[in-house]
Amino acid sequence: MLKQRIITALILAPLALIAILFLPVWQFEVAIAGVVGLGAYEWANMSGITARPRKAMFAAFVFALCLVLSSIVDAQYIWHQGQLHGLYHFILGVSVIWWMFSLWMIIFYPRYSAFWRNNNLIRLGFGLLTLIPTWVAVISLRTSLHDVDTLYGSSLIFYVLGIVWAADIGAFFSGVKFGRHKLRPNVSPGKTLEGLIGGIGASFAIIAFAALHYQVATDRIWLHLLIGGITVAVSALGDLNESMLKRCAGIKDSGKLLPGHGGILDRIDSLTAAFPVFAFCYVTWMA
């Protein structure tokens, strides 16, 4: 298993690096739509749909929806005079509301879950609310200040990846060493409050480095720290949300597409919450 995980990571990491740094915007949009489409295939499985043709139909629908959004909002008009296109901003705002609702579901699970846990269509709707804003967020960040600095948007993506991964690593070691109080045992028995706090603490090292790198003004440091902290805290929701859906579906992994790692969603679950919330905060308060 460890060998498989290492080989898979060695193959995927350079591909992701090249895509984020060097792909033209339209090719990057298609590539991220492909990743989101694969995630949709797994989401259909978590929604209780077992027939492969039906899972493939949902994946194709999500992939096509991303491309439709791309055709509606041409790459050069995603940002105009420092403002994100209204449609993309609206989608990100809807995503923030969705993750607030998801938090409510997680806190009270399994209470009040009867209306959705046995309804495939509702769970597929949850998938749309999770995956489409993820695509919008990544594309919005990638194209930020693209006409001034083609690598600025890529650095924003790496920033979100860095703080979320730092939080994951910090949460793991803090949870193993100090974990006593379960975060939501009905959803994910392995998550602890101490792990969450340790993860947020670890991420602040990346947040502080980024503040220096981007030369954040002194009077805006608090906003930078606040948005970073919110992003990391929300990333835990993505993990818990997927765990909740997998528990309802009676499965351990979202899929088997990544040898040694499980499915696509098992690797990007935290990011599906972190990217949209960070992007919304960024375009609303910092852009």
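Me: In which hand does α3 pass α6, left-handed or right-handed?

Reply: Happy to walk through that one. Keep in mind that we are looking at a predicted model. A crossing counts as right-handed if the near helix is turned clockwise from the far one by less than a right angle. Here α3 passes α6 in a right-handed crossing.

Me: At roughly what angle do the axes of α3 and α6 cross?

Reply: The axes of helix α3 (residues 52-72) and helix α6 (residues 120-142) cross at roughly 40 degrees, coming within 11 Å. Angles under 35 degrees would count as roughly parallel and 65 to 115 as roughly perpendicular, so α3 is oblique to α6. To find the contact on your screen, look on α3 for residues including Phe58, Phe61 and Leu65, and on α6 for residues including Leu128, Ile132 and Trp135.

Me: Which residues of α7 and α9 make the contact between these helices?

Reply: From α7 come Tyr159, Ile163, Val164 and Ala167, while α9 brings His224, Gly228, Thr231, Val232 and Ser235. The axes of α7 (residues 152-178) and α9 (residues 221-249) come within 10 Å and cross at roughly 60 degrees, which makes α7 oblique to α9. Their crossing is right-handed.

Me: And how do α8 and α9 cross, at roughly what angle?

Reply: Roughly 140 degrees, with the axes of helix α8 (residues 193-213) and α9 coming within 9 Å. An angle over 145 would count as roughly antiparallel, so α8 is still oblique to α9. This crossing is right-handed. On the α8 side the contact includes Leu196, Gly199 and Phe204, and on the α9 side it includes His224, Gly228 and Val232.

Me: How many salt bridges does the structure hold?

Reply: The general idea is that side chains of opposite charge can pair when their charged atoms come close. This structure holds 4 salt bridges. In one of them, the side chains of Lys191 and Asp239 meet at 3.3 Å, N to O. That pair links distant parts of the chain: Lys191 sits in strand β4 (residues 188-192) and Asp239 in helix α9, 48 residues apart.

Me: Now the backbone. Which residues does a cis peptide bond join?

Reply: Most residues other than glycine have a negative phi, and most peptide bonds are trans. In this model a cis peptide bond joins Tyr109 and Pro110, with omega about 5 degrees. You will find Pro110 in the loop between α4 (86-108) and α5 (114-117). As for phi, Gln81 has a positive value of about 55 degrees although it is not a glycine. Gln81 lies in the loop between β1 (79-80) and β2 (83-84).

Me: Last one, about the surface: which residues form a nonpolar patch there?

Reply: For a patch like this, nonpolar side chains are joined within 5 Å. Here the patch consists of Ile7, Ile11, Leu12 and Leu15, with about 360 Å² of accessible area together.

Definitions and conventions:
Residues are numbered from 1 along each chain as its sequence is written. This is a predicted model: local features need pLDDT of at least 70, side-chain atom pairs count only at pLDDT 80 or more; totals for chains, interfaces and linings use all residues. Side-chain values use heavy atoms; hydrogens and water are left out. Patches are made of residues with over 30% relative accessible area and no salt bridge: like charges are joined within 9 Å, nonpolar side chains (Val, Leu, Ile, Met, Phe, Trp, Tyr) within 5 Å. Accessible areas come from the Shrake-Rupley method with a 1.4 Å probe; for residues, only the protein chains shown count as cover. Axes are lines fitted to C-alpha atoms, for helices over the stretch in contact, and angles run from 0 to 180 degrees between N-to-C directions. Helices (H or I, at least four residues) and strands (E, at least two) are DSSP runs, numbered from the N terminus. Contact means heavy atoms within 4.5 Å.
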